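Student: I have a structure to look at and I am new to it. Could we go through it together, one topic at a time?

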Amino acid sequence: MQVEEGIEQARTIEDEGQRAYALVGLGVLMSGEAQREVVGEAFEDVRTIGYRASGVETLVVLAPHLSEAQMGEVLAAVRTIEDEGSRGKALLQLAPHLSEGQMEEEIEAGRTTEDEGNRAYAIVGLAAHMRG
């Protein structure tokens, strides 16, 4: 099966989360405009499902292929995750793909985490990915 055939089959999957997972898995095998198109479709599917847990996993795979603006949208959504531990884990998984400014914002946001263990984990984990 060619990648293009796999993408056409993935587009027929009704569940947005599963479709996004399949599209990103195949899209990263492509290059140029074709990759941007497929990654964009997967990103839209993740938006549709509301960044639930399966969406965050897909976003981690998508992250290296997202624009800074898209990553900003992802970060805004991750900040809405109520469970501090889950929110922190999602941020740490995305950390290698954040811009310097986004990283600094997330470290600052991590300082407001109520649970001291989660706060320490988030700050140290994010700082470990700082460039420079």
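Student: Where is valine 24 found?
Tutor: Valine 24 is found in helix H2, where helices (H or I, at least four residues) and strands (E, at least two) are DSSP runs, numbered from the N terminus. Before we go on, please keep in mind that this is a predicted model, in which local features need pLDDT of at least 70 and side-chain atom pairs count only at pLDDT 80 or more, while totals for chains, interfaces and linings use all residues. Residues are numbered from 1 along each chain as its sequence is written, and side-chain values use heavy atoms, with hydrogens and water left out.

Student: Okay, and is valine 24 buried or exposed?
Tutor: Valine 24 is buried, with a relative accessible area of 1%. Buried means under 20% relative accessible area, exposed means over 50%, and partly exposed lies in between (1.4 Å probe, protein chains only).

Student: How far apart are valine 24 and valine 38?
Tutor: They are 14 residues apart in sequence, and their C-alpha atoms are 7.0 Å apart in space.

Student: What about glutamine 18, where is that found?
Tutor: Glutamine 18 is also in helix H2, but it is partly exposed, with a relative accessible area of 48%. Its C-alpha atom is separated by 28 Å from that of glutamine 102, which is 84 residues away along the chain.

Student: New topic: how many salt bridges does the structure hold?
Tutor: The structure holds six salt bridges, a salt bridge being a side-chain nitrogen of Lys or Arg within 4 Å of a carboxyl oxygen of Asp or Glu.

Student: Which residue forms a salt bridge with arginine 19?
Tutor: The partner is aspartate 45, and the closest N and O atoms of the two are 2.9 Å apart. This pair links distant parts of the chain, since arginine 19 sits in helix H2 and aspartate 45 in helix H3, 26 residues apart. Both arginine 19 and aspartate 45 are buried.

Student: And which residue does glutamate 33 meet in a salt bridge?
Tutor: The side chain of glutamate 33 meets that of arginine 36, at 3.4 Å from N to O. Glutamate 33 counts as exposed at 53% relative accessibility, and arginine 36 is exposed too, with a relative accessible area of 52%.

Student: Why are glutamate 33 and arginine 36 separated by about one helical turn?
Tutor: Because they are three residues apart in helix H3, about one helical turn separates them.

Student: Which residue does glutamate 105 form a salt bridge with?
Tutor: Glutamate 105 pairs with arginine 79, and their closest N and O atoms are 3.9 Å apart. Here again distant parts of the chain are linked, with glutamate 105 in helix H7 (residues 100–110) and arginine 79 in the loop between helix H5 (68–78) and helix H6 (84–94), 26 residues apart. Arginine 79 is partly exposed, with a relative accessible area of 37%.

Student: Switching to pockets, what volume does the second largest pocket have?
Tutor: Its volume is about 150 Å³. On a 1 Å grid over the protein atoms alone, a pocket is an open set of points with protein on both sides within 12 Å along at least five of seven lines, whereas a cavity is a set of points where a 1.4 Å probe fits but cannot get out, and lining residues have an atom within 4 Å of a point. Grid points are joined across faces, edges and corners, and the volume is the space filled by probe spheres set on the points.

Student: Which residues line the second largest pocket?
Tutor: Among them are Arg79, Glu84, Arg87, Leu91, Glu106 and Asn118. H6, H7 and helix H8 (116–127) each supply at least two residues of this lining, and H6 gives the most, with four residues.

Student: Last one: where is the place of valine 28?
Tutor: Valine 28 is in the loop between helix H2 (16–27) and helix H3 (32–49), and it is partly exposed, with a relative accessible area of 31%.
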